[in-house]
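Please keep the sequence and the structure in view while reading.

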Amino acid sequence: MAHSDPIADYLTRLRNAIQAKHKKVEIPASNLKKEITRILADNKLITRYEVVPDVTKQGTIRIALRYHEGSNVIKGTRRVSTPGRRTYRSVDQLPRVNNGLGLAIVSTSKGLMSDKQARKENVGGEVLCLIW
């Protein structure tokens, strides 16, 4: 099944699994989705992940979701830059999600990174999504 917006599909699968209180979710893999998952793991929003190779397809990312005292760590997600409306921000205009408690994923000239890391590296870019 082809999707015109793979990041929105990724966020929807993640959100649906969290709302259903699943312990893990499997998402079709791509390099972009692997990088987003790595950023989520680095910021401790998910417990762990693994990329399961598949001979016939691109593979699958198996994500173990993180819960704290029965409540999910990821409260919400929002897609910012869409294929029909790209959203670029300079380093001083990058959004702060929940006063720094959330996370914005930014595609920069130095690769995909969180908003905190982009400020540290002093680069702006396309704001892909917000996660809090």
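**A walk through the model**

Helix α2 is followed by Lys44, whose phi is positive, near 60 degrees. The model is a predicted one, in which local features need pLDDT of at least 70 and side-chain atom pairs count only at pLDDT 80 or more, while totals for chains, interfaces and linings use all residues. Residues are numbered from 1 along each chain as its sequence is written, and side-chain values use heavy atoms, with hydrogens and water left out.

Helix α2 itself comprises twelve residues, 31–42. Helices (H or I, at least four residues) and strands (E, at least two) are DSSP runs, numbered from the N terminus. The expected span of a helix is 1.5 Å times one less than its number of residues. For α2 this span is 16 Å, and the end C-alpha atoms are 16 Å apart, which agrees.

Which residues of α2 are buried? They are Lys33, Ile36, Thr37, Ile39 and Leu40. Buried means under 20% relative accessible area, exposed over 50%, and partly exposed in between, with a 1.4 Å probe and protein chains only. An α-helix has 3.6 residues a turn, so residues three or four places apart point the same way. On the other side of α2, Asn31 and Asp42 are exposed.

Leaving aside neighbours within four places in sequence, Leu40 is in contact with Tyr10, Leu14, Leu45, Ile46, Leu103 and Ile131, where contact means heavy atoms within 4.5 Å. Leu40 also belongs to the largest nonpolar core, which has 24 residues. A nonpolar core is a set of buried Ala, Val, Leu, Ile, Met, Phe, Trp, Tyr and Cys residues joined through side-chain atoms within 4.5 Å. Tyr10, Leu14, Leu40, Ile63, Ile105 and Ile131 touch the most other members of the largest core. At least two residues of this core come from each of α1, β1, α2, β3, β8 and β10 (125–131), and α1 gives the most, with six residues. Apart from this core lies another, of ten residues, among them Leu94, Ala104, Met113 and Ala118.

The strands come next. Strand β1 (residues 24–28) pairs with β3 in the antiparallel sense over five bridges, and Pro28 stands opposite Thr60 in β3. Two strands pair if DSSP finds at least two bridges between them. Strands β2 and β3 are likewise antiparallel, pairing over six bridges, with Arg48 opposite Ala64 in β3.

Strand β3 also contains Leu65, which is buried, with a relative accessible area of 7%. Leaving aside neighbours within four places in sequence, Leu65 is in contact with Leu14, Ala17, Ile18, His22, Lys23, Lys24, Val25 and Thr47. The C-alpha atoms of Leu65 and Arg48 are separated by 7.5 Å, although these residues are 17 residues apart along the chain.

How many salt bridges does the structure hold? There are nine, a salt bridge being a side-chain nitrogen of Lys or Arg within 4 Å of a carboxyl oxygen of Asp or Glu. One of them joins the side chains of Arg79 and Asp5 (3.0 Å, N to O). This pair links distant parts of the chain, 74 residues apart: Arg79 is in strand β6 (residues 77–79), and Asp5 is in the segment before α1 (6–19). Arg79 counts as buried, at 15% relative accessibility, and Asp5 is buried with a relative accessible area of 15%.

Another salt bridge connects the side chains of Glu50 and Arg62 (3.2 Å, N to O). Glu50 is in strand β2 (residues 46–52) and Arg62 is in strand β3 (residues 60–65), twelve residues apart. Glu50 counts as partly exposed at 42% relative accessibility, as does Arg62 at 27%. Glu26, Glu50 and Arg62 are linked in a network of salt bridges.

A further bridge is formed by Glu121 and Lys110, whose closest N and O atoms are 3.5 Å apart. Glu121 is in helix α3 (residues 115–121), whereas Lys110 is in the loop between β8 (103–108) and β9 (111–114), eleven residues apart. Glu121 is partly exposed, with a relative accessible area of 35%, and Lys110 is exposed, with a relative accessible area of 51%.
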